[in-house]
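Open the model in your viewer and keep the selection panel at hand.

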Amino acid sequence: MSIIGIAIGITTIVALGLITTGMEDLVSSSLNDVGAEITVSNSSSVGTNAGLIDSSIVEEMKNRTGVIDAAGSLTVTEMNMDRLKSRDSDSSGFATTVVGLASEKLYMMGIDNVDGKIYENGSRDAIIGAEYAEVNNVSIGDDLSVQGKEFNVTGIFETGSPFVDSGIYVPLDTLQDVTDNDKVSCILVKTGEDVNDSAISDKIEDDYENFTTLTSEEISSIADNVLGILDTATLAVSALAIIVGGIGIINAMVMAVYERTKEIGVLKSVGWKSRKILTMILGETLVLTMLSGIVGSIFGILIPEVGLRLFNVTDFALGYSPKTFILAFGITIIVGGIYPAYKASRFAPTEALRYE
Amino acid sequence: MDDNQIVNEGAYPDDEYIYNETFIGEDGEEYYYEEPLISLFNVVKEYDKGMVKALNGINLDIFEGEFVSIIGPSGSGKSTLLNMLGALDKPTRGKIFIGGIDLVKEKDLSEFRQEKIGFVFQLHNLIPNLSVFDNVQIPLLPTGMSNKEMKERISEIIRAVGLEDKRNQRPNKLSGGQRQRVAIARALVNNPSIILADEPTGSLDSKTGELILNLLMEMHERYNVTLIIVTHDNGVAALAERTIKIKEGQIIEDKYNY
């Protein structure tokens, strides 16, 4: 019974620990900044060109002081499409981001390592993120449909950013062609070293009405804020897990020790010192903790893993960190082991012998 | 000056009271004051901030090798007195000396209990998941005795209480009388000078109770151990050489039976 009680406490701490660490990993990797330092977009929401930018402005951006490169990118969203012609897909209902970007500018999205080969501009080839490939079971050589047109997958890449890795990348000119549009959604701007990105970005906003910019510093500041909030949230969840699990563990251990009150009274009456009783109970506690810890950790891993598979959650992975297990075992030994053992060693012998 | 000193003033042995030294009596015979093994001076035990007085001024000497019964109704304080004698509890006021050791002053009494005292409880208090041998071994574990010596000592004492064939049995396989025999073996294994038995026959039928008392008396004689039994049974009390009657925390009678 004690093992079950302690194991439940450890399961709670481990399971919640894995989930919160997984959340932290997911958010911090999602917020990884990409190659470009400044992203320029059009914030106007009126007219036929709402949200779009003329391609000619890309060159203007490139020629600005402090800027070493600029690339226009066109983004379209594919909703509920039958992406795979060659096989039956169960991924309907997904919204996929299709990005049109010239092949030589892919580095500005952090795409610099492609398994297979990068598309040529003007071709009907596409490269896909590793996450997209895994979720939709698409591999090199497969065909997929963008805006009703067929594209051939020539490569798969992985940047570590789930936003980028879950997208489809195609040549900008081809995407403009199939969408019958010669504009871009945003301009990625790469600045030189030792340049003040904020000053350049402010200047762009001053020079172009309706243009908004986002610098990588602003992105990391947003990331820091989000991670800060998440840190507080995970701390709260961990604290809750520790309280719930810790109380369960203390309860189980205290019960186990109290059941032996009379035995402890007998040991005291025959001359055992408090220190020897403390050592004995601690030794037993350690064995109990280890057994419960192993059982609890197994369930702490199994329950969320099975849960993720049961609900078909593929874009979230548990965060395995030694910290979680050290925390669970540490709490068990300290609060669940030392405290009850200390209490037991301090029992007055007459009280202990009277205990029923 | 605190209450302790006031109550005990003049109650302790003084210089004129020299134990074990001979003197010539009025009849010309040689006498000596035998030093008691146990001496209690104005022992008071209070509970609930003095609201309950379990012992109310006990003065008592018990000599080495005596067989003493302490009798009294429930709540009279006899078990409290036994706990004081066994160094399981300390008095609120007063002094207790056993074998020259001041139990009130002594901070760690576990060593004293281990060397001097053997307890037999009404409900035997054996550890259920240990064998007879292991239960008897418990008091020897903190002594640092060698394994060989320990084994010999335990075997001897198990033989003495007649449980040789049960040494590997667990307590739940034994009868009530056999369990109490194990408890007696456990109480004797460390060669104590005092055996304290709290209602040792209380949970046994009369025939088994008699056998257990006979065994206790036999052990008392064989090992010359001081035997103190707490009971509320007049028949049991009468078997002792000396009977001390307690009522409301005070000794109301102290007599030798033969």
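Over how many bridges do strand β3 and β4(B) pair in the antiparallel sense? Select residues 38–47 of chain B, which form β3: this strand and β4(B) pair antiparallel over eight bridges. Strands here are DSSP E runs of at least two residues, helices are H or I runs of at least four, and both are numbered from the N terminus; two strands pair if DSSP finds at least two bridges between them. The model is predicted, so local features need pLDDT of at least 70 and side-chain atom pairs 80 or more, while totals for chains, interfaces and linings use all residues. Residues are numbered from 1 along each chain as its sequence is written, chains are lettered from A and ligands numbered from 1 in the order written, and side-chain values use heavy atoms, without hydrogens and water.

Within this pair, pick B:S39; B:D61 in β4(B) stands opposite. Now show the whole open sheet, four strands in the order β4-β3-β6-β7 of chain B, with antiparallel pairing. β4 (52–62) and β7 (101–102) are the edges; each has a single partner strand, so one side of each has no neighbour in the sheet.

Next, select 147–160 of chain B, helix α5. Buried residues (under 20% relative accessible area, 1.4 Å probe, protein chains only) include B:M150, B:I154 and B:I158. The buried residues of α5(B) pack against α4 (132–137), α6 (176–188) and α7 (206–222) of chain B. Just after the helix, B:G162 has a positive phi of about 75°.

Finally, colour chain A by secondary structure: 11 helices and 12 strands.

Technical notes:
Expected span 1.5 Å × (residues − 1). Buried < 20%, exposed > 50% of the residue type's maximum accessible area, 1.4 Å probe, protein only. Contact = heavy atoms within 4.5 Å.
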